[in-house]
Amino acid sequence: MSSSTTPTTTTTTAINLEQVAYFLVTGASRGIGAKMAIETARKLKPGSVIVLLARSASGLESTRSEILAVNPHVTVVTSSVDLATASKELLNEILDKSLGKQPTSQFGLACVIHNVGTVGNIERKAIDMDDRTEWEQYFGTNVFTVAVLNSCFLRKFQSVTSKLVINITSKACLVPFQSMTYYCAGKAAREMYFRVLAEEEAAAGVTVLNYSPGPVDTEMTVDLQANSNAPEIRDYFKNLRDTTTILTTEQTTAKFLHILQNGLFKSGDHVDYYDHEILVPWYRGGEWKSGKMVINSALGRTFLFLTNLAWKNRVALPALIMVGCMVLNYRGEIEINIHTERIALPDLPNWQQHAGAFGGIAIDHLEDFSDDDEFDDDDLYDYFESDEEDGVYVTDDEEDEDDETYDDDEDDEDELGERMLNGTIRLNWYTTLNIHNARR
């Protein structure tokens, strides 16, 4: 038995969007399709042609306006069409009109995003789906016309060097979900078509990406939450919204472009929103790091939840923090206010007479009561004991001396005269001793 070794070549699927391109998007009137059209168009070079297909003419016009707002140097063509019944002739006519007289050779990239899709009847179980016409209508929109349009597109742009085909798929093509029979069957058939296409057309310069955008806040998921016959499905989407962990169209589009431009896929692969790592600044081990963080992990999901929550509350959150700091007194100081009648100023240790921050006499410190010592009300009263007979405050050192007091006549002779003591003594970081209206 002999074996042969087939030489392999290294290829990259990284896509350069910053060039002149022909760019077609189906289901472009709202949701994921509209956001992908806008954000991809932002990167295209002047001279590019963007074609938007959907049933809603007003929705298409809204997307067109947003594209021109971010990139006024591209041509945007819209066509209101029902892809459930669109023929090959109609689709070719749309392509021809969008090109006008422009040769396809002017484009460095031809790209189509097959985003069109419906969820189907979710109020019935699989056993009850016996209507052949309903099956044909669903597959007509979600599979048959998608394949026909793709063939028309690749045939029209076969001379373009780089051709990119993107199928918006779902985890539902891999995993069965109750009440979603049509959706699961349609997505599975559609993705397999594109996987075969990737195998057959690799040598022709065709790159295929099956991108699963994850659970996104769209009208389809609103419909599933409200009308699915399976309580588990309704609860699943309700929980995503209640915890604000459901993805936004902005999030999934950013991830899509990151995967596309960095070539994080092999042609034909199924790539889910949660499959890859992204570069973000993150915190671990007491320091900020710039590196890879797995989004499909506890840390990654927490990061996404917190950033999404912070963005949604970007106005209210700072206001709440400010009010909370005001209510709780952010400085956290405890003030002890001592109101006295008369204190002999010269008896205060290390007192200084100069204009302090409070405009009166500032006290640097009390040598008997420093930050290192305990200080309480008893210490203060022990230091300045009062003579009950005449209401005069004297220190411990003066108790053994004659009953020397400070009366008004003696105050007149003192160089300080009748003055008030207003000062602040900081005992430690949290405690401040304020003395108000202390008279000599």
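**Charged pairs, surface and spaces**

Arginine 132 is exposed, with a relative accessible area of 64%, where buried means under 20% relative accessible area, exposed over 50%, and partly exposed in between (1.4 Å probe, protein chains only). This is a predicted model, in which local features need pLDDT of at least 70 and side-chain atom pairs count only at pLDDT 80 or more, while totals for chains, interfaces and linings use all residues. Residues are numbered from 1 along each chain as its sequence is written, and side-chain values use heavy atoms, with hydrogens and water left out.

Arginine 132 forms a salt bridge with glutamate 136, the closest N and O atoms being 3.1 Å apart; the term stands for a side-chain nitrogen of Lys or Arg within 4 Å of a carboxyl oxygen of Asp or Glu. Both residues belong to helix α4, where arginine 132 and glutamate 136 are 4 residues apart, about one turn of the helix. Helices (H or I, at least four residues) and strands (E, at least two) are DSSP runs, numbered from the N terminus. Glutamate 136 is partly exposed, at a relative accessible area of 43%.

By this rule the salt bridges number 10. Another of them joins the side chains of lysine 97 and glutamate 93 at 3.1 Å, N to O, and because these residues are 4 apart in helix α3 (residues 88-99), about one helical turn separates them. Lysine 97 is exposed, with a relative accessible area of 62%, whereas glutamate 93 is partly exposed at 38%.

Which side chain meets that of aspartate 217 in a salt bridge? The partner is arginine 241, at 2.9 Å from N to O. Aspartate 217 lies in the loop between β6 (206-212) and α6 (219-227), and arginine 241 in helix α7 (residues 231-242), so the pair ties together parts that are 24 residues apart in sequence. Aspartate 217 is partly exposed, with a relative accessible area of 42%, and arginine 241 is also partly exposed, at 22%.

On the surface, Leu174, Val175 and Phe177 form a nonpolar patch with about 240 Å² of accessible area together. Patches are made of residues with over 30% relative accessible area and no salt bridge, like charges being joined within 9 Å and nonpolar side chains (Val, Leu, Ile, Met, Phe, Trp, Tyr) within 5 Å. Phenylalanine 177 is placed in the loop between β5 (162-168) and α5 (181-200), and is partly exposed, with a relative accessible area of 31%.

The spaces come next. On a 1 Å grid over the protein atoms alone, a cavity is a set of points where a 1.4 Å probe fits but cannot get out, and a pocket is an open set with protein on both sides within 12 Å along at least five of seven lines; lining residues have an atom within 4 Å of a point. The whole structure holds 2 cavities of 30 Å³ or more, and the second largest cavity contains about 40 Å³ of space. Its lining consists of Thr26, Leu83, His114, Val116, Thr141, Thr145, Val146 and Leu149, with the largest share, 4 residues, coming from helix α4 (residues 132-156).

The second largest pocket has a volume of about 430 Å³. Of the 15 residues that line this pocket, Ala198, Ala202, Lys266, Ser267 and Gly268 are the closest to its centre. Both α5 and β6 supply at least two residues each of the lining of the second largest pocket, and the largest share, 4 residues, comes from α5.

Note on methods: Points joined across faces, edges and corners; volume = space filled by probe spheres on them. Areas by Shrake-Rupley, 256 points an atom, 1.4 Å probe, with all protein chains shown as cover.
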